[in-house]
Amino acid sequence: MEVHRLRLDVCTISEVKKKGNGTTKYNNYILIYSGKERKEKDKSGVGLLIHKKYEQQIKNIAYINDRLIHATLEIQKKQIDIVSVYAPDISKPKVEREEFYNQLDVLLNTIPRENKLILAKDFNAKTIRFSTGLRKDLMKTHQMKMVNFF
């Protein structure tokens, strides 16, 4: 498994393509996933791979929809919120894209400011340009910055 080879403790995943939501174990990792309803076609889905050494630190999981999932871990008495995102691309209707960013905004507003936040994955957009003011406002409102690791 690539995450094991890279010694990653947490990895976010888009296009999981699993139906429903839940958790399952893969080798040394726990996959937490949220996908389409069982009767719908699999074409999206989000997930978090978390190393099993943190299993007891997972305090909360919010299966929001097939594009957003949120887990809270408590490590060394600090709350760490991890949000995996798979934004709709430009080919999706504007209403769908705006609804996604509104849902993300609502979610981010529920996370206490003192918590550490990891917001990761596929925004289906270039990081230096924003095609809608909504994304820019979202980042400004939540005092976020973009960081690329690879």
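**Contacts, fold and rings**

Take the contacts with a separation of 6 or more: in this protein, 48% of them join residues 24 or more positions apart. Keep in mind that this is a predicted model.

Now the layout. We have three helices and eight strands. Along the sequence the order runs α-β-β-β-β-β-β-β-α-β-α.

Next, the surface. The protein has 150 residues, and 37% of them count as buried.

On to the rings. How many aromatic pairs does the structure hold? One. The partners are Phe100 and Tyr101, with ring centres 4.8 Å apart. Their planes sit at 85°, so this pair is edge-to-face; the cut-off for that label is over 60 degrees. Buried or exposed, these two, Phe100 and Tyr101? Both are buried.

Another ring to look at is Tyr86. Arg67 lies over its face, 4.9 Å from the ring centre.

Last stop, Ile75. You'll find Ile75 in strand E6, which covers residues 68-75. Its relative accessible area is 23%. Buried means under 20%, so Ile75 comes out as partly exposed. Which residues does Ile75 touch, leaving aside neighbours within four places in sequence? Tyr54, Gln57 and Ile80. Look at Tyr54 in particular. Ile75 and Tyr54 are 21 residues apart in sequence. In space, their C-alpha atoms are 8.3 Å apart.

That's my tour. Over to you.

Conventions:
Residues numbered from 1 in each chain as written. Predicted model: local features only at pLDDT ≥ 70, side-chain atom pairs only at ≥ 80, totals over all residues. Heavy atoms only, no water. Phe/Tyr/Trp six-rings, centres within 6.5 Å; stacked < 30°, edge-to-face > 60°. Buried < 20%, exposed > 50% of the residue type's maximum accessible area, 1.4 Å probe, protein only. Lys NZ or Arg CZ within 6 Å of the ring centre and 35° of its normal. Helix = DSSP H or I, 4+ residues; strand = E, 2+ residues; numbered from the N terminus. Contact = heavy atoms within 4.5 Å.
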